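Subject: Structure handover

Hello,

Here is the structure for your files. My notes on it follow below.

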Amino acid sequence: MIRTAVHADLAGILDLYQHLNPTDPRVTETTAAPAWAAMLGSDLIRLFVAEEDGLLVSSCTLVIVPNITRGARSYAVIENVVTHAGYRGRGLGRAVLAAAVEAAWSGDCYKVMLATGSRQGSTWSFYEGAGFTRATKTHFEMRRA
């Protein structure tokens, strides 16, 4: 089942995110609670999840960014795309991405962007298979140490 996340999903999301960045220490629910409440309370952020047998097994976050270029049409950013290692290859990641993209198009966004830190060809092929292209923009990033 693909749906948007609800307040009670926090523990499941934190478990799932261990498959996104396995070397990161697990964030506690207490530490995550303020950001979680802000995310769920925002009209501009939606978290899409795939649930199987009561377990959150795939997710992505969609952020709609209001904009005054391109006819004042918003754009969207997708981040934190992850599928539980034991559930990969079943189309769940593609399904949550499709739900996020459809929400962006329904919100009249003129584009949807995502970035990946993966250098694996299989990850790039996954995103290209979901309709994304790497031929249009170059992504730059700055991280705070």
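**Thr-123 and its surroundings**

Setting aside neighbours within four places in sequence, Thr-123 makes contact with Thr-116 and Ser-118. Thr-123 belongs to helix α4, which covers residues 121-129. Its relative accessible area is 19%, and buried means under 20%, so Thr-123 counts as buried. Please keep in mind throughout that this is a predicted model.

**The sheet**

The strands form an open sheet of 5, in the order β1-β2-β3-β4-β5, and the pairing is mixed. The edges are taken by β1 (2-4) and β5 (112-114); each has a single partner strand, so one side of each has no neighbour in the sheet. From one strand to the next, the twist averages 25°.

- β1 and β2 are antiparallel, with 3 bridges between them. Arg-3 has Val-49 in β2 as its bridge partner.
- β2 and β3 are also joined in the antiparallel sense, over 8 bridges. Here Ile-45 is bridged to Val-63 in β3.
- β4 (residues 75-83) and β5 run parallel and are joined by 3 bridges. Ile-78 has its bridge partner in β5, namely Leu-114.

Helix α3 is formed by residues 92-106. Helix α3 lies across β1, β2 (45-52), β3 (55-65), β4 and β5. Relative to β3, helix α3 runs at about 25°.

How many aromatic pairs does the structure hold? The count is 1. For reference, such a pair of rings is described by the distance of the centres and the angle of the planes.

Tyr-75 falls in the residue range of β4, 75-83.

Regards

Terms used: Residues are numbered from 1 along each chain as its sequence is written. This is a predicted model: local features need pLDDT of at least 70, side-chain atom pairs count only at pLDDT 80 or more; totals for chains, interfaces and linings use all residues. Side-chain values use heavy atoms; hydrogens and water are left out. Rings of Phe, Tyr and Trp (its six-membered ring) pair if their centres lie within 6.5 Å; planes under 30 degrees apart count as stacked, over 60 as edge-to-face and the rest as tilted. Two strands pair if DSSP finds at least two bridges between them. Helices (H or I, at least four residues) and strands (E, at least two) are DSSP runs, numbered from the N terminus. Axes are lines fitted to C-alpha atoms, for helices over the stretch in contact, and angles run from 0 to 180 degrees between N-to-C directions. Contact means heavy atoms within 4.5 Å. Buried means under 20% relative accessible area, exposed over 50%, partly exposed in between (1.4 Å probe, protein chains only).
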